[in-house]
Amino acid sequence: MQSWSAPAVPVLPGRGPALRLYDTADRQVRPVSPGPTAGMYVCGITPYDATHLGHAATYLVFDLIHRLWLDAGHRVNYVQNVTDVDDPLLERAERDGVPWEALAASQVELFRTDMTALRVLPPRDYVAATEAIAEVVEVVEKMLAAGSAYAVDGEYPDIYFRADATEQFGYESGFDRAAMLELFAERGGDPDRAGKADPLDALLWRAARPGEPSWPASFGAGRPGWHVECTAIALSRIGSGIDIQGGGSDLVFPHHEFSAAHAESLTGERRFARHYVHAGMIGWEGHKMSKSRGNLVLVSKLRAQGVEPAAIRLGLLAEHYRSDRSWDEQTLAAAEARLERWRAATSLPAGPDAQDVVARVRRYLADDLNTGAALAALDGWTTDALAYGGHDGEAPRLVATAVDALLGVSL
């Protein structure tokens, strides 16, 4: 699948510090230690509706990580999927009376447009689930052969993954069984499915039903379950032991727990990823922004209203990425004002020395993406530049370059 166009990333003098991030599984901030090439897998959209600010906030987190790795001298192997065949997509297509393939294609194109406008660096591999069917089939075949998967009896012999196939299952989320069962039911699982060995066992392959898309497989025609597509795509494009598996915090369980367990059952490794990184939720009027609730603030609609994407970026970066936070008119107004001030300051013929502020921005961002501190440091330099000017003719350009390279905001 075609990704989107990449914005130019300017190179800052020197190298940024090593990155430290909160790891969901370890419940602490610790160093991220990739080799020369850093590997990152981030779960993509299910394309049945447009990009809302919750999506944008999540992908901005991993865009910052991508940029910080580049600034530290790493190459980045970034992979993202698109769940372009799944129940929500099929249901929306049936409701709207359009082919599911056309709905998926239109929403993926809108997502690409939004990501381009937000200056998000694209993944190296952007892979649709429907492009990875052969890889999913191979993974399921291996799990069936190893006994970590089984087919249920009945008219539709769906294939399930055994939740106890790995001894460490549950380490990523840290949830007890009761919490797992509750979230499993809320987030696409089917604990009451007759014939399963355990209510927590997760669907790997949905056997073909009348009127549903399906693909041939040695174990019967059907289509992939949600979690296994990410396992198959990540293993084939990056391999085991990836540096970061990431997404929104609502994916910790069951999606990331199971996609990691699938991979671990195949490779025998203790951890699928060295770091599990999750972004907080974006709210509107006191509730999490979600398609099911219908309280979406869409990036495309903000853009159509004339809101500059750079202001959207700054608004979403104003608070820490792991916090659940709200978007409102005040958030946008503050971001627009900040953008205007930064542009005024970096347009001056000279300003205060910028070496220290650039070093601090690098350090703050490398410390678990402390964007609040980074933005405050830049605000301080801006205030001084606008109030007192300066004698360094290179300072405004250096600050603008740092804001572009590290924060993705073009001044």
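Which residue in β4 is the bridge partner of Gly 39? The partner is Asn 77. This is a predicted model, in which local features need pLDDT of at least 70, side-chain atom pairs count only at pLDDT 80 or more, and totals for chains, interfaces and linings use all residues. Residues are numbered from 1 along each chain as its sequence is written, and side-chain values use heavy atoms, with hydrogens and water left out.

- Helices (H or I, at least four residues) and strands (E, at least two) are DSSP runs, numbered from the N terminus.
- Strand β3 covers residues 37–42, and five of its six residues are buried, so β3 is largely enclosed by the rest of the structure.
- Buried means under 20% relative accessible area, exposed over 50%, and partly exposed in between (1.4 Å probe, protein chains only).
- β3 runs parallel to strand β4 (residues 75–82), and six bridges join them.
- Two strands pair if DSSP finds at least two bridges between them.
- β3 also pairs with strand β10 (residues 242–248), in the parallel sense over three bridges.
- Here Tyr 41 stands opposite Gln 245 of β10.

**Aromatic pairs**

- Rings of Phe, Tyr and Trp (its six-membered ring) pair if their centres lie within 6.5 Å; planes under 30 degrees apart count as stacked, over 60 as edge-to-face and the rest as tilted.
- The count by this rule is twelve aromatic pairs.
- The ring centres of Tyr 59 and Phe 111 are 5.4 Å apart with planes at 75°, so this pair is edge-to-face.
- Tyr 59 lies in helix α1 and Phe 111 in helix α3 (residues 100–117), so the pair links parts of the chain 52 residues apart.
- Both Tyr 59 and Phe 111 are buried.
- Ring pairs also link a cluster of Phe 161, Phe 169, Phe 175, Phe 184, Phe 253 and Phe 258.

**Charges over rings**

- A charge sits over a ring if NZ of Lys or CZ of Arg is within 6 Å of the ring centre and within 35 degrees of the ring normal.
- Arg 322 lies over the face of Tyr 22, 4.2 Å from the ring centre.
- Arg 363 has its charged end over the ring of Tyr 364, 5.6 Å from the centre.

**A three-stranded sheet**

- The open sheet runs β13-β12-β14, with mixed pairing.
- β13 (287–288) and β14 (325–326) are at the edges with a single partner strand each, so one side of each has no neighbour in the sheet.
- Strand β12 (residues 282–284) pairs with β13 in the antiparallel sense over two bridges.
- Trp 284 stands opposite His 287 in β13.
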